[in-house]
Amino acid sequence: MEQTIVELQNLSKIYQQGELEVKAVDNVSLTIKKGDFAALCGPSGSGKTSILNLIGGLDNPTSGDVFLDNIELSSLTNSDLAELRKNRIGFVFQAYNLIPVMTAYENAAFVLELQGIDKAQQHQQVMQTLKEVGLAGLEHRRPDEMSGGQQQRVAIARAIVTRPTIVLADEPTANVDSHTAEALLDLMQNLNQQQGITFLFSTHDQHVIDRAKRIIKMHDGKIAADDYRA
Amino acid sequence: MNLNTLAWRNLWRHKRRTLITASSIAFGVLLAVTFTGAGDYFYTRMIDAGANMGMGHITLAAPDFNRAPSSKKVLKDTDSLLAQVEQIPEVKDVMARIQGQAMFASAHKSIGGMFFGVDPEQENPESNLFIKAMIEGGMPKSASDKTIVLGVDLARKLKLTMGKKVVYTTTDINGDIVSAIARVGGLFQTGSNEIDSAVALLPIQSVQQVLGYQQNEVSVLAVILHDQRHSHQLRDRMQAMSQFSHIEVLNWQQTQPDLAGMIAVDKSSNYISQLLIALLVAAGILNTMLMSVLERKREFGVMMALGMSPRNLFLLVMLESFWLAVLGLIIGTIVTIPWYLFMSQTGIDLSAAYGDGFSFGGVLLDTVFKIRLFKESIIAILVGLFTLALCAGAYPAWRAGQTPPVESLKTI
């Protein structure tokens, strides 16, 4: 039986916009299994990113529960959540969001540094990961010295270098051309297949949807469909 | 990369802004050194000049002499007291003096004033302002000389020149009126009209004879210290010593309350000026750090998403403030050292505005504007500005760690 790593129970998130209440997530229940390569898709405002934020402990639900590795997130303090993200979650963002004053190596090592891993171990893990994402030899480049695709590879390296429970990727191919998008998807698919890293995407991109093993369609904050590809 | 290195690199994202803010800290150092240095220099000059005009930094006198001076209040056994005071390490000089009021008369006129009976062998230009200010003649040759040294304006009013006779009339130890004759042996000009028109110096033994004092009896022992800042502490220590328990031990604040009051008022306004400078520097730092935090809001959101705790984020921004402060202080020190050397050695001559000298609290000061910093002032400036920079960075740092990551990530 596949291990459940994320479980959402009757999850809702309501945002207040002036006097208007917007239901970004409406009573969603969902489980993500270890090894999933799943895409949350749907139109803008359907609640994809909100769900990623709630799973990542970046936002608090209005009601319902989020469990990650059987830990209920609502019971955690901000510091505990930071600790959880540091050790169990990898994030990939649409705009790469690398730290501009750091090199590729330093960006990838950032979370290991936060974890307090010793330098030798850091070096080994970072160099290995940069090699896996195809950036061997570019470790001393700063973000402004790399293409968008290369930056997103660094972001992926940063997300997986700690071997997290899950990688949450928010529109990871939205800012790159289709050729680069395919290459990035090849990379993430390989990481999923060869290393068993679980990926959950939020996306509009058909390239991503085509590659996903599981497609969760969102509409108006609800899950409209949840299918595993045969 | 550790937080320290990250903070240092973050500082150089906007080189110009960092350098401008560091320069404002540096300018704060320069202003603080100038203001504090001027205070340290002028207050010391005023206090030393006041002490050298008669009563010393510390004064030993008969009980109640300071409140109501009188020839009847005599300090006895001064040789022994003098010997004991000389043993105290902080003491540079100690001189026996007789202080009193007198009427000075020439063939033309009589004018009231005050005299100091001094022992020429004990006195020296370092501890006696009048010797430094001598413009004609000199100090009495001996303690029993029959000469008098007059302020130049007093001599002019009495129409006296060198060698002329003066009759001085005062009250003796019994309260009886007594007179004596002396010849003008010297003239001094301090530049302060109130001093030059009212003060005369007489040989101490001559005065003792006139007042009916024994050889071992005077009005005061004027104690000059190596460093005036020890006067308060030393007075307290001496008051507690049994050998001084029967007499009054006073510091300059007690013997010259007008001067002490004026310095206190001046210090207060100086502190207010410095506080305003500090607030301006703090506002600059606050502005820079706040801008820096606000424009990196999204980056902070990413860092928190990656697992950085609010505490570490606070620490990161505080480290940026720390390095900014260090940079500002280094630039400030580099810029200030030549300025300080020039101002402490050469200074700025203000004689065009003030003439040869001006008096403050009855004390004459020269017109060259100089600065001098005590060690503790240097430490206070550096620690003060450093603390200020850290405090100014604290709010932006706190703010950086408080914004929920999801809000920060929404920032474009």
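In the predicted model examined here, the contact between the two chains (contact meaning heavy atoms within 4.5 Å) takes 22 residues from chain B and 24 residues from chain A. The model is a predicted one, in which local features need pLDDT of at least 70 and side-chain atom pairs count only at pLDDT 80 or more, whereas totals for chains, interfaces and linings use all residues. Residues are numbered from 1 along each chain as its sequence is written, chains are lettered from A and ligands numbered from 1 in the order in which they are written, and side-chain values use heavy atoms, with hydrogens and water left out.

The size of an interface is often given as the accessible area lost when the parts come together. Between chain B and chain A the buried area is about 2000 Å², and carbon and sulfur atoms give 66% of this value; buried area is here the accessible area (1.4 Å probe) that two parts lose on being put together, summed over both. One salt bridge is counted between chain B and chain A, a salt bridge being a side-chain nitrogen of Lys or Arg within 4 Å of a carboxyl oxygen of Asp or Glu. This salt bridge is formed by Arg9(B) and Glu106(A), whose closest N and O atoms are 2.7 Å apart. Four residue pairs, with both members at pLDDT 80 or more, are in polar contact between chain B and chain A; a polar contact is a pair of N or O atoms within 3.5 Å, where within protein one must be able to donate a hydrogen and the other to accept it, and where residues adjacent in sequence count only if both atoms are side-chain atoms.

On the side of chain B that touches chain A, the elements that give two or more residues are helix 1 (3-11), helix 11 (297-305), helix 12 (310-345) and helix 15 (405-410) of chain B. Helices (H or I, at least four residues) and strands (E, at least two) are DSSP runs, numbered from the N terminus. Helix 11 of chain B gives the most to this side, with six residues. The residues of the side of chain B that touches chain A divide into 12 nonpolar, five polar and five charged, where Ala, Val, Leu, Ile, Met, Phe, Trp, Tyr, Cys and Pro count as nonpolar, Asp, Glu, Lys and Arg as charged, and the others, Gly among them, as polar.

Over all chains, 24 salt bridges are found in a search of the whole structure. One of these joins Glu83(A) to Lys86(A), with the closest N and O atoms 3.2 Å apart; both residues lie in helix 2 (residues 78-88) of chain A, three residues apart, about one turn of the helix. Glu83(A) is partly exposed at 39% relative accessibility, whereas Lys86(A) is buried at 11%, given that buried means under 20% relative accessible area, exposed over 50%, and partly exposed in between (1.4 Å probe, protein chains only).

In chain B, Glu295(B) forms a salt bridge with Arg17(B), the closest N and O atoms being 2.7 Å apart. This pair links distant parts of the chain, since Glu295(B) lies in helix 10 (residues 257-295) and Arg17(B) in helix 2 (residues 15-55) of chain B, 278 residues apart. Glu295(B) is partly exposed, with a relative accessible area of 43%, and Arg17(B) is buried, with a value of 18%. A further salt bridge is formed by Glu90(B) and Arg237(B), with closest N and O atoms 2.7 Å apart. It also links distant parts of the chain, with Glu90(B) in the loop between helix 3 (78-86) and strand 2 (91-105) and Arg237(B) in helix 8 (residues 231-239) of chain B, 147 residues apart. Here Glu90(B) is buried at 17% relative accessibility, while Arg237(B) is partly exposed at 35%.

Salt bridges that share partners also join Lys23(A), Asp26(A) and Lys222(A) into one network. Asp26(A) lies in strand 2 (residues 20-33) of chain A and is buried, at 14% relative accessibility. The side chain of Asp26(A) makes a polar contact with that of Lys222(A) (3.0 Å). Neighbours within four places in sequence aside, the contacts of Asp26(A) are with Leu11(A), Ser12(A), Asp220(A), Gly221(A) and Lys222(A).
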